[in-house]
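I opened my notebook to look at one structure, going from the whole chain down to single atoms. Come along and check each entry with me.

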Amino acid sequence: MKAHDGMYIDGAWRDADGRDTIDVVNPADEQVIGRVPAGTALDVDTAVRAARAALPGWAATPPAERAARLAALRDVLVARKDEIAGTVTAELGSPLKFSQAVHAGAPIAVAGSYAELAATYAFEEKVGNSVVHHEPIGVVGAITPWNYPLHQIVAKVAPALAAGCTVVLKPAEDTPLTAQLFAEVVHEAGVPAGVFNLVTGLGPVAGQALAEHPGVDLVSFTGSTAVGRRIGAAAGAAVKRVALELGGKSANVILPSADLAKAVNVGVANVMSNSGQTCSAWTRMLVHRDQYDEAVELAAEAAAKYGDRIGPLVNAKQQERVRGYIDKGVAEGARLVAGGPEAPRERGYYVSPTVFADVTEGMTIAQEEIFGPVLSILRYDDEDDALRIANGTVYGLAGAVWAGDEAEAVAFARRMDTGQVDINGGRFNPLAPFGGYKQSGVGRELGLHGLTEYLQTKSLQF
Ligand code: NAD
């Protein structure tokens, strides 16, 4: 696996300030596959200065030209999609087919959507006797996680570039090779020097230096609620814009009129996909008490079928964390009907697809984000009870409703405190706003709503 030993700053790979490095490990076999530099506060400062110097030129670049660079970026992603999928599989461990379809496929769609939005968005509008200009916020500090390594990067960098902002990216320490590959793609697409900069490094060192840097105008963070809270607090103190995409504990509500087998099977697949490392995963399945036993049986069968098709978790720490949650579920009285805490293989950070029945609202596994292939099935008495349970966590990122009648499902979905709801298995839409209610975050990513996060308005009166 190719790894750069420098930082991509101001259009070139430059020596890192320090000598410390981060090992990149393949979670499927625990082998070290590369080494990247661990950035310091000085690396971050150099990158922010480059981004600031490039800002006036990029902000003044006509939107049509910014759109052309984004279209070129999308084309390079397409040309290098096999390399992208291979790199994500090597450092995240997801099965190659999934990497091709989702880890490489989604960023291509998102980059394409911003090429189009940059070309068509009305950066200027007339309001009565005013002309309102939508101007770039400035320098963006982007801090991304490892679970969808390229998607999370593109979901921040593409709208920022479309808006006319410049960016410094600090990617997750587990998946820096994908980020380095992305920097190569940006370079190949002809994006001017300094518009995009990459500093690899540890969260509490490089990440924190970026979040706190006075030269950053907007911090856009995706990751854990614990870190997000700190970044939000620091941004508030500095009166700086912040976008936070945090955790979830989304409910999959199966109403009695639904096609039960379909709802359960799609629900299990949703949780197991990417080994459960998806912030929007429907990790709580809510089933009416009359259909509960049948649903549990169907879910256990569906999970057992996964077997070897599921990849490992990203690292040993996540594996331990998830196994700890499974132990806790058992200790608090939930009933294991598939999987369990034992590691299914000797090598690699695997966890078996796991299903818990008899989960009640107060249990830890019904409240906290596990971030592994673990499904909790809860029983409800009637619709109001289902709604109360669905809304009964601190999170509100996503969800699903299944019913025989679409209008019935929509009526329920409108009462859920959450940012996205899939109706009867509705497909992922890369143009729909994505983001959380409650503690799942602040702001929205993707599509038009994602673009406006990177803009600020100026009104001129005539
Ligand atoms: P994390 O929040 O520690 O890491 C996310 C990013 O933030 C990484 O780039 C990391 O280097 C950086 N970071 C860490 N500490 C920082 C700091 N003090 N200042 C600035 N940046 C910092 O997440 P994790 O440890 O990789 O995962 C832990 C848990 O977070 C998971 O089990 C899961 O529950 C949750 N998570 C959620 C998402 C999501 O998409 N919402 C993604 C990854 C993890």
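Below are my entries on the domains, the sheet and the ligand.

**Ground rules.** I am working with a predicted model, where local features need pLDDT of at least 70, side-chain atom pairs count only at pLDDT 80 or more, and totals for chains, interfaces and linings use all residues. I number residues from 1 along each chain as its sequence is written, and side-chain values use heavy atoms, with hydrogens and water left out.

**Domains.** I looked up how the chain is divided, and found domain 1 (6-246 + 440-461) and domain 2 (251-429). Their bounds come from an automatic or database domain assignment. I noted 31 Å between the C-alpha centres of domain 1 and domain 2. I then checked where they touch: 23 residues of domain 1 are in contact with 24 residues of domain 2, contact meaning heavy atoms within 4.5 Å.

**Sheet.** I traced an open sheet of seven strands with mixed pairing, in the order S14-S15-S16-S13-S12-S17-S18. Helices (H or I, at least four residues) and strands (E, at least two) are DSSP runs, numbered from the N terminus; two strands pair if DSSP finds at least two bridges between them. Which strands stand at the edges? I found strand S14 (335-338) and strand S18 (422-423) there; each has a single partner strand, so one side of each is left without a neighbour in the sheet. I also followed S15 (residues 354-359) and S16 (residues 374-380), which run parallel and are joined by four bridges. Threonine 354 has valine 374 in S16 as its bridge partner.

**Ligand shell.** I listed 30 residues around the ligand, and Trp146, Lys170, Glu173, Ser224 and Glu369 come nearest. A residue is near if one of its heavy atoms lies within 4 Å. Both domain 1 and domain 2 give at least three residues to this shell. Which element gives the most? H7 does, with four residues. By class I noted twelve nonpolar, eleven polar and seven charged residues; Asp, Glu, Lys and Arg count as charged, Ala, Val, Leu, Ile, Met, Phe, Trp, Tyr, Cys and Pro as nonpolar, and the others, Gly among them, as polar.

**Polar contacts.** I looked for pairs of N or O atoms within 3.5 Å. A polar side-chain atom of glutamate 173 is 2.5 Å from an oxygen atom of the ligand. For threonine 144, a polar backbone atom lies 2.8 Å from a ligand oxygen. In arginine 321, a side-chain N or O atom is 3.0 Å from an oxygen atom of the ligand.

Definitions and conventions: Polar contact = N/O pair within 3.5 Å; in protein donor to acceptor, adjacent residues only side chain to side chain.
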